[in-house]
Amino acid sequence: MKRILKILAITIILLFLGIWWFANSLKPMYNGTVDIKNIQEEVSVYYDNYGIPHIYANNESDAFTALGFVHAQDRLWQMELLRRIPTGRLAEVFGEELVKTDRLFIGLGIDEASKKTIAKLDTTSKAYQLTKAYVNGINQFIAEGPKPIEYYLTGIEKQPFTIKDVQNVMGYMAFSFAMAHKTDPLLTNIKNKLGIQYLADLEIGTTPNSELIKNYSPKDSLMVSNTLMASISEALDNLPIPQFIGSNGWVIGTQKTSTGKVLFANDPHIGFAQPSVWYEAHIHTPNYEMYGYHLAGFPFPVLGHNRKIAYGITMFENDDIDFYWEENHPTDANLYKTPEGWKAYETRTETIKVKDGNDVIITIKTSQHGPLMNYFVTEINFEQPIAMTWVYTQLKNRSLDAIYKMSHAKNQTEFEAALPLLHAPGLNIMYGDAENNIGWYAVAKLYELPKTAHSKFIMDGTTGENERIRYLDFSENPKAINPPWHYVYSANNQPDSISGMFYPGYYLSENRAKRIVQLIEPKNDWDKKAMTEMITDVTSSVNPTIAKKLVSLIDQQNLNKNQKEALDILQNWDGDNQLEDIAPTIYHKFIYLCLRNTLHDELGDDMFNQLMKTHLIKRTIAPLFAKENSVWFDNIKTENKSESRKEIVTQSYFEAISALENQLGNNISQWTWNKVHTLEHSHPIGKVNALRSYFNVGPFEISGTREVINNLGFYYDETGEYKVASGPSTRRIIDFSDIENSLSILPTGQSGNVFSPHYKDQAEMYNNGEFRKMMLNEDEIKSTSKNILIIK
């Protein structure tokens, strides 16, 4: 018996030793020496305490080869997923559940556009050569490095990367930024089902009376099936990589800072996931230095700074996708109507590989406007074709050159010269520099439609009357360069008029913009500490006003104890959204029910739920309930009665208090925000319950809310739980008076390798609103680094 127990004990020990050895073999290599091909001179990579590589090389080619290698060893799985999205190869990994997503992205034509772009690239350009070096570094790790655990769990093999994979990263980013596909079919449906007056009350147009970004420069058709919107939404919900949502950015000029030097802040808002979006890396060569934030599989930093310049992004939210009805020939479905006569559709056939399933063959038809949605959104159950026209796939793509030139600019003039090369996605580029310049640039290829065309609806594509008249010259784009008010900002809100018109888009509500201006405008002694407090601000300047307006409509005479207490809390709310606050819990339940009781009777489940997932609904809340009379307030399901705003608001308030009592108990002091507002960073493998705690990070109780500066976004639904889906993907504060001590933070950690110590070592700091240094001082980096990787 003892012998059996001894053998069993030894077996268990050996098993644990084997698991320990296997896990350790999969860790990133932060120490030691590695030999890789095409390195001309030795490169030293110093890792700081948070796993961020500081790459010291004697030439840029070696530096970018090293970047590709170290990026891959921390983020190869993320790179793998991101390159599979535009090519429609997710079902090959995850099975039938991702077929819809693959169909959508194949149909969009991102990969087709990338093939055309690659064929026309100047292979002698510096951007191309450094991209090639970066891809070489990735492929060196693929060939010689350990296979990440996710590859074992999903049963796929590593495959070399190509420059087309790099180009596709920008394609995914461009589509992720777009909002038209989530909004235009829905608005068309509402218009055709209910009438134009219903849309007028939703404020779908421009809002010139809201907080606008100021410019300054020194020099009748068919009903659309609800399944179109639902299918697109479902396909995007299944993505294993987060989508880009919005952002804040502001730059404060020297006249408003305590040091007389520029201060820069940026926090792009992106869907939360694990690993987080950005990979930080600091590159230093004799002729180039940049502390950058890299997308998985992209060599040049989309966000960055050095001793001379700093730049960042927010979403412009311009409209760059339009939908057109096409008309098929009555006897030949391969022809469609144009002003010049009948034309033949272009067709292509693609195969989707499905894990543990049969291949799916799809045929995509394309008109002069673009691909027909009917062929890759399978649930569309009507015959008339809808074509999608998208600036990104239709115009020459020079994004690789653009971001290379942005990251290599030495001053504002060189930086500005790169911006016209970016045609899509639409971005607000924020800029500041050591020479005391500041700037905001709306960057996109904008266009003009006929005055009779309405790009928020599906337009008639047969007559030629709704086609683009012209593309605007980049000089006409909105911008503010060294304005006399001494700061620039963007919060995805609407810019002021462009070439005499308000440019159509899917701009966010003025909430964050209003708060940013409210904080910056009166203060003239800004410093780094004040910037950190502002970027983590969780106070809404709009929601308390809405709350007070609504509760003023409620007759207080017959309220019970909880109804009175909750009403007092809303009336006295200052707009803060801390963990122990009660007002946000009441407010969001109340607002959701106001929206549901106002809109659901007309829209039904599908359209109402789709509307809740658009930017439009955030813009709608304040103006809709500011109206004393709206066509929406009448409940069409009640007979011989026309409901008023007061009745809808009162009904919703009573229902909200009752629902919260059922959810959180009768003691209002227990209705704290931390009970319902949580954040979990989900990993695709974390969908397996047994592995969730190993791969996911969280859940955490989290302060903040949607559309405050610390914008932690969620969607409204019936649950009364507000699970955060998106928020600041980083928080960066750059101080040109103390550039070596500029600050940043990531939501989880630098590494996407679950066995790395840097997988989630920043999560608690992020939740607490804390920061860490972005190191630039060479002596400090080298003297404090405990991990040095030599690449030769």
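**Figure 1. Where helix 17 meets helix 19.** In this predicted model, Asn543, Ile546, Ala547, Leu550 and Val551 of helix 17 touch Tyr587, Phe590, Ile591 and Cys594 of helix 19; contact means heavy atoms within 4.5 Å. By class, eight of the residues here are nonpolar, one is polar and none is charged (Ala, Val, Leu, Ile, Met, Phe, Trp, Tyr, Cys and Pro count as nonpolar, Asp, Glu, Lys and Arg as charged, and the others, Gly among them, as polar). Axes are lines fitted to C-alpha atoms over the stretch in contact, and angles run from 0 to 180 degrees between N-to-C directions.

**Figure 2. Helix 2 crossing helix 6.** Here the axes of helix 2 (residues 60-87) and helix 6 (residues 126-144) come within 7 Å and cross at roughly 50°. The two helices are therefore oblique to each other (angles under 35 degrees count as roughly parallel, over 145 as roughly antiparallel, 65 to 115 as roughly perpendicular and the rest as oblique). Their contact has twelve nonpolar, eight polar and two charged residues.

**Figure 3. The chain as a whole.** Look for 24 helices and 30 strands; these are DSSP runs, numbered from the N terminus, with helices (H or I) of at least four residues and strands (E) of at least two. Of the 792 residues, 61% count as buried, meaning under 20% relative accessible area with a 1.4 Å probe, protein chains only.

**Notes.** Residues are numbered from 1 along each chain as its sequence is written, and side-chain values use heavy atoms, leaving out hydrogens and water. Local features need pLDDT of at least 70 and side-chain atom pairs count only at pLDDT 80 or more, while totals for chains, interfaces and linings use all residues.

Technical notes: Buried < 20%, exposed > 50% of the residue type's maximum accessible area, 1.4 Å probe, protein only.
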